[in-house]
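Subject: Handing over the model

Hello,

Here is the structure to look through. Please open it first, then read my notes below.

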Amino acid sequence: MSLPERLGKYSIVDVLGTGAMGVVYKAFDPHIRRTVALKAIRKELINDDDAHSLIARFKNEAQAAGRLSHPGIVSVYEYGEDETIAFIAMEYVQGKGLREYFRRGTRFGLGDVVSVMTQLLDALAYAHDEGVIHRDIKPANLIIMNSGKVKVADFGIAHLDSSMLTHTGVIMGTPGYMAPEQYTGTGADRRSDIFSAGVVLYQLLTGEKPFKGATETVAYKICHELHQPPSQLAAELASTQFDMVVAKALAKKPEDRYRSAAEFRSAIMAAYSEPVSPVVSEETIIDEGSVAPLHLDRARATDSAAGGAVTQPPPGWQAEVLTQIEQHLARYLGPMAKVITKRGARSTTDVDTLYLLLAESLTTTQEKAAFLATRSKLAGTAPAASTTDPKPKPTDATGTQPLTPQDAERGARELAVYVGPIARIFAKKAAAAAPTRDRFYALLAEHLSTDQEKQRFLRTMSVGH
């Protein structure tokens, strides 16, 4: 198909997808100088009887979605319309839809299942609180970004696929994911989104949809038949606890489901009973042709736009090495990885030690192991030791009291107030090098960034001795 040169102010770059009544373009905003996605409805393909109501709904719901601002929701920037076309300008997201993962037969580990669902339900909880109901939660509308974060697309937007609309335009959704009340036309609310999210959870756990068959068969099953418990299809992932979670989400009556997305999320976390990763694991992500998480690309672009200024690394470190380590850590911690990496680099000039220090900021054994494994991927030379020690040597302790396990535990606990979980590994290293209690506290104080913090920490540790 031939590309139009522009829609409104946007220059058309490529086609991202097509539907029965429209097309999604990759485009460029010349004013803000950013890439966007344009979802356009071609008016000539809409029946005259449906045109007015469909365009009105497209516009009204674009306005509703446009007021949402959440990191887990694809942003809507603008609505535009002329004699032949109506379009919505949206955030352009790099990643793959969950539908593509299922198409390829990807099987998610339980940690990834829980990560996808908690991210989805966080976004739904926010949208519902803002009065916006999605009405079409399905794998195609869930994008797993290259960073492992999940984005929910098409919030409240009338979809282009004609199979999602009746002739009157009342029923909206996708067969197999719609709640019973959407089939009967009695109206959708937040509990309808919870049902659809329950279908996604079932598919993540088992690799199959809970209700299968022709469209009419699926409609009947959703309204009248019970699904097979997930544990009967995937016992290695779905325990009886998850059977109960899924059953409540897929209840036929809205009043029997979870009352909110937050309640659904809490039930999943209780069934999992382990720390939840904020991102999908690196091993699971389909990453074709993109070398870095999207938020890091944006950060580098911002630095370049600001004149090329780059934050100087701590003494003894090569900037390229720290950047690679930060990108590996960012898959688990997001933008906080930059701060944590820089703080850790101030305390050591050894790559392996830095990896161990940074791993302490992660919450699960799996995350720590996966992050530590990226050490082998680190390109470039190891950081050279600084010829001058950037930190003053701790004053020799005059105290002679031997260090006890209780002292070490207290030191780690108090240091954590300033530096977080990494304090435990600092304390372990200091305890191995300090023969006395005072020397141990002095070594811990060197991990603090200001003289005021050091003095306050040492005063705290002196109390009771």
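First, a definition: two strands pair if DSSP finds at least two bridges between them. Helices (H or I, at least four residues) and strands (E, at least two) are DSSP runs, numbered from the N terminus. This is a predicted model, where local features need pLDDT of at least 70, side-chain atom pairs count only at pLDDT 80 or more, and totals for chains, interfaces and linings use all residues. Residues are numbered from 1 along each chain as its sequence is written, and side-chain values use heavy atoms, with hydrogens and water left out.

The whole chain

The chain has 17 helices and 9 strands. Of its 465 residues, 48% are buried. Buried means under 20% relative accessible area, exposed means over 50%, and partly exposed is in between (1.4 Å probe, protein chains only). A contact means heavy atoms within 4.5 Å. Take the contacts between residues at least 6 apart in sequence: 65% of them join residues at least 24 apart.

Strands of a sheet pair through backbone hydrogen bonds, either parallel or antiparallel. In what order do the 6 strands of the open sheet stand? The order is 1-2-3-4-6-5, and the pairing is antiparallel. Strand 1 (6–7) and strand 5 are the edge strands, and each pairs on one side only.

Start at strand 1. It joins strand 2 (residues 10–18) through 2 bridges, and the two run antiparallel. L7 has Y10 in strand 2 as its bridge partner.

Next come strand 3 (residues 22–29) and strand 4, an antiparallel pair with 8 bridges. Y25 stands opposite L38 in strand 4. Strand 3 and strand 4 form a hairpin with 4 residues between the strands. There, R33 takes a positive phi near 60°.

Strand 4 (residues 34–42) also pairs with strand 6, antiparallel, over 7 bridges. K39 has I88 in strand 6 as its bridge partner, and A40 stands opposite F87 in strand 6.

Strand 5 (residues 76–81) is joined to strand 6 by 5 bridges, and these two run antiparallel. E78 stands opposite A89 in strand 6.

How many of the 7 residues of strand 6 are buried? The count is 7 of the 7 for residues 85–91, so strand 6 is largely enclosed by the rest of the structure. E91 has its place in strand 6. E91 counts as buried because its relative accessibility is 6%. Its side chain makes a polar contact with the side chain of K151, at 3.1 Å. A polar contact is a pair of N or O atoms within 3.5 Å; within protein, one must be able to donate a hydrogen and the other to accept it, and residues adjacent in sequence count only if both atoms are side-chain atoms.

Another open sheet has 3 strands in the order 7-8-9, with antiparallel pairing. Strand 7 (95–97) and strand 9 (150–152) stand at the edges with a single partner strand each, so one side of each is left without a neighbour in the sheet. On average, neighbouring strands of this sheet are turned by 30° against each other, direction ignored. Axes are lines fitted to C-alpha atoms, for helices over the stretch in contact, and angles run from 0 to 180 degrees between N-to-C directions.

Strand 7 and strand 8 (residues 142–145) run antiparallel and are joined by 3 bridges. G95 stands opposite M145 in strand 8. Helix 3 (residues 110–129) packs on the sheet and touches strand 8 and strand 9. The direction of helix 3 makes about 40° with that of strand 9.

A loop residue

E225 lies in the loop between helix 6 (215–224) and helix 7 (240–249). Is E225 buried or partly exposed? E225 is partly exposed, because its relative accessible area is 34%. Leaving aside neighbours within four places in sequence, E225 is in contact with F211, Y220 and K252. E225 and K252 are 27 residues apart along the chain, and their C-alpha atoms are separated by 8.8 Å.

Best wishes
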